[in-house]
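Let's walk through this structure together, one contact at a time. Have the model open and follow along.

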Amino acid sequence: MADSTAQDALVIGGETIPGRLWLGTSMYPSPDIMGQSLQAAGPGFVTVSVRRQTARQVEDNGHWQLIDQWLKKSGSLLLPNTAGCHSASEAILMANMARQLFTTDWIKLEVIGDDYSLQPNAFELLSAAETLVQQGFKVLPYCTEDLVLCQKLLDVGCKAVMPWAAPIGTGRGLQNPHGLRMLRERLPDAVIVIDAGIGKPSQAMQAMEMGFDAVLMNTAVAKALDPVAMAGAFRNAVTGGRQAWQAGTMVEREQASASTPTLGMPFWHQ
(Lines give C-alpha, C1' and ligand atoms only; values in the text may rest on other atoms or scores of the structure.)
Protein backbone atom coordinates (compact mmCIF):
# COMPACT_ATOMS: atom_id res chain seq x y z
CA MET A 1 0.00 0.00 0.00
CA ALA A 2 1.31 3.46 -0.88
CA ASP A 3 2.31 5.81 1.93
CA SER A 4 -0.67 8.15 2.34
CA THR A 5 1.54 10.73 4.06
CA ALA A 6 3.86 10.85 1.04
CA GLN A 7 0.89 11.14 -1.30
CA ASP A 8 -0.40 14.10 0.72
CA ALA A 9 2.93 15.90 0.90
CA LEU A 10 2.91 19.63 1.62
CA VAL A 11 4.91 21.44 -1.06
CA ILE A 12 5.82 25.11 -0.68
CA GLY A 13 8.02 26.97 -3.12
CA GLY A 14 8.94 23.72 -4.86
CA GLU A 15 10.21 22.14 -1.63
CA THR A 16 8.51 19.30 0.25
CA ILE A 17 7.81 20.19 3.87
CA PRO A 18 8.04 17.04 6.03
CA GLY A 19 5.14 17.85 8.34
CA ARG A 20 2.03 19.98 8.80
CA LEU A 21 2.71 20.83 12.45
CA TRP A 22 5.34 23.57 12.77
CA LEU A 23 6.92 24.34 16.13
CA GLY A 24 8.71 27.22 17.78
CA THR A 25 11.72 26.83 20.06
CA SER A 26 11.38 29.49 22.77
CA MET A 27 10.14 29.50 26.39
CA TYR A 28 10.67 25.78 27.13
CA PRO A 29 11.62 24.86 30.71
CA SER A 30 14.98 23.55 29.46
CA PRO A 31 16.82 22.74 26.23
CA ASP A 32 16.35 19.05 27.00
CA ILE A 33 12.56 19.44 27.23
CA MET A 34 12.63 21.39 23.99
CA GLY A 35 14.52 18.57 22.28
CA GLN A 36 12.07 15.96 23.54
CA SER A 37 9.15 18.12 22.39
CA LEU A 38 10.62 18.36 18.90
CA GLN A 39 10.94 14.58 18.87
CA ALA A 40 7.30 14.16 19.93
CA ALA A 41 5.97 16.74 17.46
CA GLY A 42 8.00 15.78 14.38
CA PRO A 43 7.59 19.32 13.00
CA GLY A 44 7.88 20.24 9.34
CA PHE A 45 9.46 23.58 10.21
CA VAL A 46 11.31 24.59 13.37
CA THR A 47 11.24 28.35 13.98
CA VAL A 48 13.99 30.40 15.61
CA SER A 49 14.31 34.09 16.32
CA VAL A 50 17.40 35.90 15.09
CA ARG A 51 16.88 39.29 16.72
CA ARG A 52 20.10 40.69 18.17
CA GLN A 53 22.01 37.46 17.51
CA THR A 54 25.55 37.41 16.19
CA ALA A 55 27.45 34.60 14.52
CA ARG A 56 29.50 34.07 17.71
CA GLN A 57 26.33 33.94 19.85
CA VAL A 58 24.85 31.29 17.57
CA GLU A 59 28.08 29.28 17.67
CA ASP A 60 28.30 29.40 21.47
CA ASN A 61 24.58 28.90 22.11
CA GLY A 62 23.83 25.39 23.44
CA HIS A 63 20.16 25.98 22.72
CA TRP A 64 20.92 26.51 19.04
CA GLN A 65 23.35 23.58 18.93
CA LEU A 66 20.57 21.27 20.13
CA ILE A 67 18.24 22.62 17.42
CA ASP A 68 20.95 22.14 14.81
CA GLN A 69 21.46 18.53 15.89
CA TRP A 70 17.72 17.91 15.63
CA LEU A 71 17.54 19.41 12.14
CA LYS A 72 20.42 17.26 10.88
CA LYS A 73 18.93 13.99 12.13
CA SER A 74 15.22 14.63 11.56
CA GLY A 75 14.76 16.21 8.16
CA SER A 76 12.81 19.13 9.66
CA LEU A 77 13.49 22.51 8.03
CA LEU A 78 14.66 25.67 9.75
CA LEU A 79 12.45 28.75 9.58
CA PRO A 80 14.12 31.86 11.03
CA ASN A 81 11.75 34.69 11.92
CA THR A 82 11.96 38.47 12.19
CA ALA A 83 10.10 38.64 15.51
CA GLY A 84 10.34 41.99 17.24
CA CYS A 85 10.66 44.09 14.09
CA HIS A 86 8.43 47.16 13.69
CA SER A 87 9.37 48.43 10.25
CA ALA A 88 10.03 47.05 6.80
CA SER A 89 13.67 48.20 6.86
CA GLU A 90 14.28 46.51 10.21
CA ALA A 91 12.69 43.25 9.04
CA ILE A 92 14.68 43.26 5.79
CA LEU A 93 17.91 43.72 7.73
CA MET A 94 16.95 40.91 10.14
CA ALA A 95 16.08 38.55 7.29
CA ASN A 96 19.43 39.10 5.63
CA MET A 97 21.17 38.49 8.95
CA ALA A 98 19.24 35.23 9.25
CA ARG A 99 20.33 34.13 5.80
CA GLN A 100 23.97 34.73 6.71
CA LEU A 101 23.70 33.04 10.11
CA PHE A 102 21.67 29.99 9.13
CA THR A 103 22.33 29.62 5.39
CA THR A 104 18.68 29.44 4.38
CA ASP A 105 16.40 31.47 2.11
CA TRP A 106 13.32 30.62 4.19
CA ILE A 107 12.06 33.46 6.36
CA LYS A 108 9.01 33.90 8.54
CA LEU A 109 8.32 37.60 8.09
CA GLU A 110 6.94 39.45 11.09
CA VAL A 111 6.46 43.23 11.20
CA ILE A 112 4.53 44.25 14.30
CA GLY A 113 2.26 47.28 14.22
CA ASP A 114 0.78 47.26 17.72
CA ASP A 115 2.72 46.30 20.84
CA TYR A 116 -0.41 45.45 22.84
CA SER A 117 -2.04 42.96 20.44
CA LEU A 118 1.11 42.19 18.41
CA GLN A 119 -1.02 42.70 15.32
CA PRO A 120 1.02 42.95 12.10
CA ASN A 121 1.54 46.27 10.33
CA ALA A 122 -0.02 45.47 6.96
CA PHE A 123 1.67 48.33 5.10
CA GLU A 124 5.20 47.63 6.35
CA LEU A 125 4.66 43.88 6.01
CA LEU A 126 3.73 44.13 2.34
CA SER A 127 6.65 46.46 1.63
CA ALA A 128 9.14 44.14 3.34
CA ALA A 129 7.70 41.06 1.62
CA GLU A 130 8.05 42.57 -1.84
CA THR A 131 11.69 43.52 -1.23
CA LEU A 132 12.64 40.17 0.29
CA VAL A 133 11.04 38.23 -2.56
CA GLN A 134 13.12 40.31 -4.98
CA GLN A 135 16.20 39.40 -2.92
CA GLY A 136 15.50 35.70 -3.38
CA PHE A 137 13.90 34.84 -0.06
CA LYS A 138 11.10 32.32 0.34
CA VAL A 139 8.82 34.55 2.36
CA LEU A 140 6.15 33.24 4.74
CA PRO A 141 4.46 36.33 6.24
CA TYR A 142 2.65 36.41 9.57
CA CYS A 143 -0.54 38.35 8.92
CA THR A 144 -4.22 38.62 9.82
CA GLU A 145 -7.11 36.92 8.04
CA ASP A 146 -7.65 40.04 5.88
CA LEU A 147 -8.44 38.67 2.41
CA VAL A 148 -7.11 41.67 0.50
CA LEU A 149 -3.83 41.71 2.40
CA CYS A 150 -3.32 37.97 1.91
CA GLN A 151 -4.01 38.25 -1.81
CA LYS A 152 -1.53 41.11 -2.19
CA LEU A 153 1.14 39.18 -0.25
CA LEU A 154 0.69 36.28 -2.63
CA ASP A 155 0.72 38.62 -5.61
CA VAL A 156 4.17 39.99 -4.69
CA GLY A 157 5.53 36.43 -4.53
CA CYS A 158 5.12 35.10 -0.99
CA LYS A 159 5.16 31.30 -0.99
CA ALA A 160 2.31 31.11 1.54
CA VAL A 161 0.42 33.32 3.97
CA MET A 162 0.18 32.73 7.71
CA PRO A 163 -2.86 34.41 9.29
CA TRP A 164 -3.30 34.42 13.03
CA ALA A 165 -6.03 32.50 14.82
CA ALA A 166 -5.81 34.95 17.73
CA PRO A 167 -3.14 37.32 19.10
CA ILE A 168 0.24 35.68 19.75
CA GLY A 169 0.45 33.73 22.99
CA THR A 170 -3.23 34.08 23.98
CA GLY A 171 -4.29 30.48 23.31
CA ARG A 172 -7.81 31.62 22.39
CA GLY A 173 -8.08 29.56 19.23
CA LEU A 174 -9.89 30.61 16.06
CA GLN A 175 -11.41 33.98 17.00
CA ASN A 176 -12.85 34.67 13.55
CA PRO A 177 -13.75 31.30 12.04
CA HIS A 178 -16.04 32.95 9.48
CA GLY A 179 -13.24 35.17 8.18
CA LEU A 180 -10.76 32.31 8.12
CA ARG A 181 -13.24 30.04 6.34
CA MET A 182 -13.88 32.73 3.72
CA LEU A 183 -10.12 33.19 3.28
CA ARG A 184 -9.71 29.46 2.64
CA GLU A 185 -12.61 29.43 0.19
CA ARG A 186 -11.47 32.51 -1.74
CA LEU A 187 -7.83 31.38 -2.00
CA PRO A 188 -8.31 27.66 -2.71
CA ASP A 189 -4.93 27.16 -4.40
CA ALA A 190 -2.80 29.09 -1.90
CA VAL A 191 -0.85 27.53 0.94
CA ILE A 192 -2.37 28.98 4.11
CA VAL A 193 -0.89 28.22 7.53
CA ILE A 194 -2.57 29.15 10.80
CA ASP A 195 -0.01 30.96 12.93
CA ALA A 196 -0.44 32.28 16.50
CA GLY A 197 -3.19 32.03 19.09
CA ILE A 198 -3.68 28.27 19.11
CA GLY A 199 -3.86 26.94 22.68
CA LYS A 200 -5.35 23.45 22.51
CA PRO A 201 -5.05 20.45 20.20
CA SER A 202 -8.78 20.68 19.48
CA GLN A 203 -8.24 24.18 18.06
CA ALA A 204 -5.46 22.94 15.79
CA MET A 205 -7.72 20.12 14.62
CA GLN A 206 -10.49 22.63 13.90
CA ALA A 207 -8.15 24.63 11.68
CA MET A 208 -7.06 21.55 9.78
CA GLU A 209 -10.67 20.39 9.39
CA MET A 210 -11.36 23.72 7.67
CA GLY A 211 -8.76 22.89 5.04
CA PHE A 212 -5.76 24.89 6.18
CA ASP A 213 -2.43 23.44 5.15
CA ALA A 214 -0.49 23.53 8.42
CA VAL A 215 -0.48 24.98 11.93
CA LEU A 216 2.41 26.80 13.62
CA MET A 217 2.64 27.19 17.40
CA ASN A 218 5.04 27.68 20.26
CA THR A 219 3.49 28.83 23.53
CA ALA A 220 0.79 26.12 23.65
CA VAL A 221 3.50 23.45 23.78
CA ALA A 222 6.30 25.26 25.61
CA LYS A 223 4.06 26.48 28.45
CA ALA A 224 2.08 23.26 28.92
CA LEU A 225 2.49 21.39 32.21
CA ASP A 226 4.00 18.56 30.14
CA PRO A 227 5.39 20.05 26.90
CA VAL A 228 6.49 16.69 25.52
CA ALA A 229 3.07 15.08 25.92
CA MET A 230 1.39 18.21 24.56
CA ALA A 231 3.63 18.18 21.48
CA GLY A 232 2.48 14.63 20.78
CA ALA A 233 -1.15 15.62 21.30
CA PHE A 234 -0.83 18.44 18.78
CA ARG A 235 0.82 16.12 16.29
CA ASN A 236 -2.12 13.72 16.53
CA ALA A 237 -4.64 16.57 16.29
CA VAL A 238 -3.09 18.03 13.15
CA THR A 239 -2.97 14.60 11.54
CA GLY A 240 -6.55 13.86 12.51
CA GLY A 241 -7.81 17.22 11.30
CA ARG A 242 -6.14 16.77 7.94
CA GLN A 243 -7.65 13.31 7.56
CA ALA A 244 -11.10 14.65 8.44
CA TRP A 245 -10.85 17.42 5.83
CA GLN A 246 -9.79 14.94 3.18
CA ALA A 247 -12.61 12.57 4.12
CA GLY A 248 -15.18 15.37 3.87
CA THR A 249 -17.18 16.24 6.95
CA MET A 250 -20.97 15.99 6.90
CA VAL A 251 -23.06 19.05 6.09
CA GLU A 252 -24.47 20.74 9.17
CA ARG A 253 -28.26 20.78 9.48
CA GLU A 254 -30.68 23.04 11.32
CA GLN A 255 -33.07 20.18 12.13
CA ALA A 256 -32.56 16.73 13.55
CA SER A 257 -32.26 13.86 11.09
CA ALA A 258 -32.70 10.33 12.43
CA SER A 259 -29.73 8.08 11.86
CA THR A 260 -31.91 4.93 12.05
CA PRO A 261 -34.63 4.08 9.50
CA THR A 262 -38.31 4.02 10.47
CA LEU A 263 -39.05 1.02 8.23
CA GLY A 264 -40.43 -1.82 10.32
CA MET A 265 -41.21 0.42 13.32
CA PRO A 266 -44.76 0.56 14.80
CA PHE A 267 -47.05 2.77 12.73
CA TRP A 268 -47.10 5.59 15.33
CA HIS A 269 -43.34 6.07 14.86
CA GLN A 270 -43.60 6.41 11.08
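Begin where two helices touch: Ala122, Leu125, Leu126 and Ala129 in H6 meet Leu149, Lys152 and Leu153 in H7. Sorted by class, this contact of H6 with H7 holds 6 nonpolar residues, no polar ones and 1 charged residue. Bear in mind as you look that the model is predicted.

Now step back to see how these two helices lie. H6 spans residues 122-134 and H7 residues 147-155, and they pack at an angle of about 15° with their axes 9 Å apart. Because angles under 35 degrees count as roughly parallel, H6 is roughly parallel to H7. Their crossing is right-handed.

Helix H9 (residues 201-209) packs against helix H11 (residues 227-247) at an angle of about 25°, and their axes are 7 Å apart. H9 and H11 are therefore roughly parallel to each other as well, and H9 passes H11 in a right-handed crossing. On the H9 side the contact includes Pro201, Ala204 and Met205, while among the H11 residues are Phe234, Gly240, Arg242 and Trp245. The residues of this contact divide into 11 nonpolar, 2 polar and 2 charged.

Finally, turn to the strands. Is E5, at residues 77-81, mostly covered or mostly open? The strand is mostly covered, with 5 of its 5 residues buried. Leu77, Leu79 and Asn81 point one way from E5, Leu78 and Pro80 point the other way, and all are buried. E5 pairs with strand E4 (residues 45-49) in the parallel sense over 5 bridges, and Ser49 stands opposite Asn81 in E5.

Technical notes
Residues are numbered from 1 along each chain as its sequence is written. This is a predicted model: local features need pLDDT of at least 70, side-chain atom pairs count only at pLDDT 80 or more; totals for chains, interfaces and linings use all residues. Side-chain values use heavy atoms; hydrogens and water are left out. Buried means under 20% relative accessible area, exposed over 50%, partly exposed in between (1.4 Å probe, protein chains only). Helices (H or I, at least four residues) and strands (E, at least two) are DSSP runs, numbered from the N terminus. Two strands pair if DSSP finds at least two bridges between them. Axes are lines fitted to C-alpha atoms, for helices over the stretch in contact, and angles run from 0 to 180 degrees between N-to-C directions. Angles under 35 degrees count as roughly parallel, over 145 as roughly antiparallel, 65 to 115 as roughly perpendicular and the rest as oblique. A crossing is left-handed if the near helix is turned anticlockwise from the far one by less than a right angle, and right-handed if clockwise. Contact means heavy atoms within 4.5 Å. Ala, Val, Leu, Ile, Met, Phe, Trp, Tyr, Cys and Pro count as nonpolar, Asp, Glu, Lys and Arg as charged, and the others, Gly among them, as polar.
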